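This briefing describes the architecture of one protein chain and its surroundings. Please consult the sequence and the three-dimensional view below before reading the grouped points.

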Amino acid sequence: MTIKQRKTEWDEAAEWWDREAGEKGIWHQQHDIDPVMFKILRNVNNKIILEIGCGNGYFARKLAKKGAKVLGVDLSKKFIAFAIEREKLKPLGIKYLVRDVANLRSLKSKSFDCAVANMCLMDIADMEGAIREVSRVLKKNGRFVFSITHPVFDNFRQQWTVIKDEGKKYFARAIYKYLSSGGESKILWASGVKTTVYHRPIETYFKYLRNSGFLIDEFREVATKKKVTKATEERGDIKLRRSKYTTLAEKKMKELAGKEIPLFLVVGALKIR
Ligand SMILES: C[S@@+](CC[C@H](N)C(=O)[O-])C[C@H]1O[C@@H](n2cnc3c(N)ncnc32)[C@H](O)[C@@H]1O
């Protein structure tokens with residue numbers, strides 16, 4: 001897939017995404033991911049921060065409200081246009097650029113205290129190049145904090161299923177492929193738009209981080225706080241969705257799966273060389 005095709009996909013997703021994310025991010029970011037991101041980021045006041053794959057800039061705005069000086073970059077012109085529009089409405093001093101994060105040539109080396117990637121590394125085709133560029137623009141002892149869908153349980157190659165263990169039923173993730181890296185697959189968003197994602201096993205993330213001079217100093221596997229709610233026929237709820245139940249036994253199974261299966265990973269890495 002060419003870079004032009006990837007740009008087009010994200011441009012097509014941007015309008016719906018901007019509405020969904022708004023000023024707070026999507027549900028999982030508000031409730032599951034962002035609180036952990038901020039814990040790992042620690043104090044951002046007066047820090048110079050680069051956000052890669054910033055989308056409509058909602059996270060950049062959260063950082064700026066905590067006193068950070070933020071530059072947001074994204075491949076999609078449309079996403080950056082929404083981010084700039086929101087900056088004009090409520091100025092926070094955030095700058096935005098349209099860039100492929102694997103090529104940040106116009107940004108000076110060793111110029112940021114911190115870099116952030118919120119739910120986007122799995123969408124970036126050249127993730128190795130992206131991590132290399134992030135490392136280049138970070139100062140020594142700078143930190144890179146990112147969140148991703150948990151590669152072991154991500155929903156691109158796996159699905160929910162019901163299994164039996166010692167006579168008891170469990171709601172589980174069915175995994176048939178994990179170690180092979182790099183394959184493209186599509187996510188279909190509620191808006192009907194599809195975007196491309198790239199599955200990589202955890203060891204690939206480690207390898208690229210280490211090769212670019214990072215030492216991982218935080219590693220959190222994040223389960224969802226989302227409650228399971230009763231399925232209704234009118235809404236056409238699908239039985240195998242984790243968030244919907246029809247019987248009380250199913251509710252219990254799904255609640256356990258929600259607590260035990262982390263859907264997201266949040267990682268902090270220190271640039272040591
Ligand atoms: C799932 S969205 C997340 C957006 C935002 N971080 C958020 O949480 O709302 C992934 C973002 O990564 C961006 N992206 C994908 N490939 C990129 C690349 N090579 N360089 C910069 N941004 C990229 C997309 O345009 C999109 O905005």
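Within helix 2, the residues Q29, D32, I33, D34, M37, I40 and L41 are buried; a residue is buried if 20 or more other C-beta atoms lie within 10 Å of its own, exposed if 12 or fewer, and partly exposed in between, with C-beta atoms placed from the backbone. Helices (H or I, at least four residues) and strands (E, at least two) are DSSP runs, numbered from the N terminus. This is a predicted model, in which local features need pLDDT of at least 70 and side-chain atom pairs count only at pLDDT 80 or more, while totals for chains, interfaces and linings use all residues. Residues are numbered from 1 along each chain as its sequence is written.

**Helix 2 and the residue after it**

- The cover over the buried residues of helix 2 includes strand 4 (112–118), strand 5 (138–149), strand 10 (214–222) and strand 13 (264–271).
- Helix 2 (residues 27–41) has 15 residues, which at 1.5 Å a residue should span 21 Å, and its end C-alpha atoms are 20 Å apart, in agreement; the expected span is 1.5 Å times one less than the number of residues.
- A bend of about 50 degrees occurs in helix 2 at I33, and the proline P35 follows within four residues; the bend at a residue is the angle between axes fitted to the seven residues ending there and the seven starting there.
- R42 follows helix 2 and lies in the loop between helix 2 and strand 1 (48–52).
- The phi of R42 is positive, near 65 degrees, in a residue other than glycine.
- R42 counts as partly exposed because it has 13 C-beta neighbours inside 10 Å.

**Overall fold**

- The protein chain contains seven helices and 13 strands.
- Its radius of gyration is 19 Å, close to the 19 Å that the globule rule gives for 273 residues, so the protein chain is as compact as a globular protein of that length. The radius is taken over C-alpha atoms, and the globule rule is 2.2 Å times the number of residues to the power 0.38.
- Along the principal axes, the C-alpha atoms of the protein chain fill a box of roughly 60 × 40 × 40 Å.
- Of contacts between residues at least 6 apart in sequence, 71% join residues at least 24 apart; two residues are in contact if their C-beta atoms, placed from the backbone, lie within 7 Å.

**Burial and the nonpolar core**

- Buried residues account for 35% of the 273 residues in the protein chain.
- The largest nonpolar core has 59 residues, and I49, I52, A115 and L121 have the most contacts inside it. Such a core is a set of buried Ala, Val, Leu, Ile, Met, Phe, Trp, Tyr and Cys residues joined through C-beta atoms within 7 Å.
- In soluble globular proteins, nonpolar side chains tend to be buried together.
- Residues up to four places away in sequence aside, I49 touches V44, L63, A68, K69, V70, F112, D113, C114 and V116.

**Surroundings of the ligand**

- There are 23 residues around the ligand, of which W10, G53, G55, L75 and C120 come nearest; a residue is near a molecule or strand if its C-beta atom, placed from the backbone, lies within 6 Å of it.
- Helix 1 (3–21) and helix 3 (58–65) each supply at least two residues of this shell, and helix 1 gives the most, with three residues.

- E9 is found in helix 1 and is partly exposed, with 19 other C-beta atoms within 10 Å.
- Apart from neighbours within four places in sequence, E9 is in contact with K194, T195 and T196.
- R61 lies in helix 3 and counts as buried, with 21 C-beta neighbours inside 10 Å.
- Setting aside residues up to four places away in sequence, R61 touches E23, L92 and I94.

**Helix 4**

- Helix 4 (residues 77–89) has 13 residues that should span 18 Å at 1.5 Å a residue, and its end C-alpha atoms are 18 Å apart, which agrees.
- K78, F79, I80, F82, A83 and R86 are the buried residues of helix 4, and they pack against helix 1, strand 2 (69–74) and strand 3 (95–98).

**A further positive phi**

- N141, placed in strand 5, has a positive phi near 70 degrees and is a residue other than glycine.
- N141 counts as exposed, with 9 C-beta neighbours inside 10 Å.
- Most residues other than glycine have a negative phi.
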